[in-house]
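I set out to look up the aromatic rings and their surroundings. My entries follow.

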Amino acid sequence: MDSLETQFEAILKNVQSYLPDPDLSILKKAYDFSLRAHREQLRAGGDPFIIHPLAVAKILSDLQLDVPTLAAGLLHDVLEDTNTSRETLCSEFGAEIASLVEGVTKIDSLEQVAWDPENLSFLSSSPEILKQAEYWRKMLLATAQDIRVILLKLADRKHNMQTLEFLTPEKRKKIAEETLTLYAPLANRLGMFKLKSSLEDLSLKYLDEQVYAALEKKIDEREVLREGFIRECVEKIQAALADQPIPYKISARPKNLYSVYRKMLRQGKPFEEIQDIIGIRLITDTIEHCYALLGAVQTSFTPVPDSFTDYIATPKNNLYQSLHITIQISRQEIVEVQIRTEEMNQICEYGVAAHWRYKEGGKSPAKKQQDSLEDKLDWIKQILEWQQDTKNPKEFLEWLKLELEFDQVFVFTPKGEVKKLPAGATPIDFAYAVHTDLGHQCIGSKVNGKMVRLDHPLKSGDMCQILTKKGQKPHKDWLEIVKTPRARSKIRKFLRENEEKGTRYRS
Ligand code: MN
């Protein structure tokens, strides 16, 4: 392994490649401070502890983040693991860096927990769940104020996953599980595709070593066999696009291991029968050119029916934009082609990190993008609001997982306004998404002009109309039907408040 100095130099070099005039002295100071503070400590593998903050700062510099974030990366464990105080950190490095470090610092004592002690469901939660819920609550709170907190935490988690082999099997499994159910979906939700893929693959490695090893081997073998195939795909597409004038770059890459694994589970097929494990990417300069390339691909190859998805017109909830189409490349084989601009490609790979960069760096201060960064982080604030309604740590964690996972559908109001809802959402969820009173007074629903039951799952593009009656009240059994935390918490709140008043309602 490279010496510590060399590793630190690599970070400095990295920063200078993407920032015009970075303050390297503050990084040097942070490195020296961290080195001293952790000097007595070792990592589980026996290495000096400093390799961990160094690796975290390196990951952050690969995401091309700013100097305060990198300094905070170097210092991120000093509050938790050494006797450094917040005051010291603040006077040495300033409030910005100190509060970033504080944001990623875990809480240790249950006394600081913010859940309502009057609430009975609070008592029934295990200390473990309570701690975990409190940890996520605190982190989301910090993230809502400063997105860099979560980027630090994800970088921290990535390096911890890379060095998981040194922990006991139980600990490994626990951490890998948490990574797969919370951190990877979070990275995904923030559009950080590369980070998400590596967190998923590392999790699978420790959750099911045998499956992982077998898949890795098969993918390697198939890749060797497939090198010719990949080249052939690229050449065929190049030939088809040869006569058109639009500039583009083409690349091909295999999909990540975990996504192949998930496909096997979903389709119930062995690895050998999984198609479409490589993706072809076309990158061009403008949106118009994306559609023009799409047209050229469509006329030269037979598309798989219904395979076209326009994530440019309708971006995914994690900022992702691209055109997707799956084509028949030979009699036997299909491949997915993704078409996007260079800027979209940056955002596809780095997600909010790229957005944040554009926003702060003024490199491409497109107003639209800034709005969309605020929009995209709005869900964090929403979760925090729901958390205040629930007072139940276990439920909060479940909501968080649901929120991170969800595939969304777009449903229209009669006035043409769009509401985003998780897949499987019902007219009641829709009603509560529009307005609390609309939810409370809902007695029926029409979807695309036809009466439907209140548990009818909504689809993208549906137009949903809610029928109401004054004096109507939420039913208890709606709780069994609804999919969104928002609807659930509003119904609960209503029932609770009216129970207190001694009101009886139909069930
Ligand atoms: Mn750490």
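I looked up tyrosine 311 and found this residue partly exposed, at a relative accessible area of 22%; buried means under 20%, exposed over 50% and partly exposed in between, with a 1.4 Å probe and protein chains only. The model is predicted, so I note that local features need pLDDT of at least 70 and side-chain atom pairs pLDDT 80 or more, while totals for chains, interfaces and linings use all residues. Residues are numbered from 1 along each chain as its sequence is written, and side-chain values use heavy atoms, with hydrogens and water left out.

I next searched for aromatic pairs, that is, rings of Phe, Tyr and Trp (its six-membered ring) with centres within 6.5 Å; planes under 30 degrees apart count as stacked, over 60 as edge-to-face and the rest as tilted. The count came to 6. Tyrosine 258 and tyrosine 261 form a tilted pair, 6.0 Å centre to centre with 45° between the planes. Tyrosine 258 is buried at 11% relative accessible area, and tyrosine 261 is buried at 18%. Tyrosine 311 and tyrosine 320 form an edge-to-face pair, 5.8 Å centre to centre with 80° between the planes. Tyrosine 320 is buried, with a relative accessible area of 10%. I also recorded one aromatic cluster of Tyr135, Trp136 and Tyr183.

Finally, I checked for charges over rings (NZ of Lys or CZ of Arg within 6 Å of the ring centre and within 35 degrees of the ring normal). The charged end of lysine 29 lies over the ring of phenylalanine 93, 5.2 Å from its centre. Arginine 43 has its charged end over the ring of phenylalanine 49, 5.9 Å from the centre.
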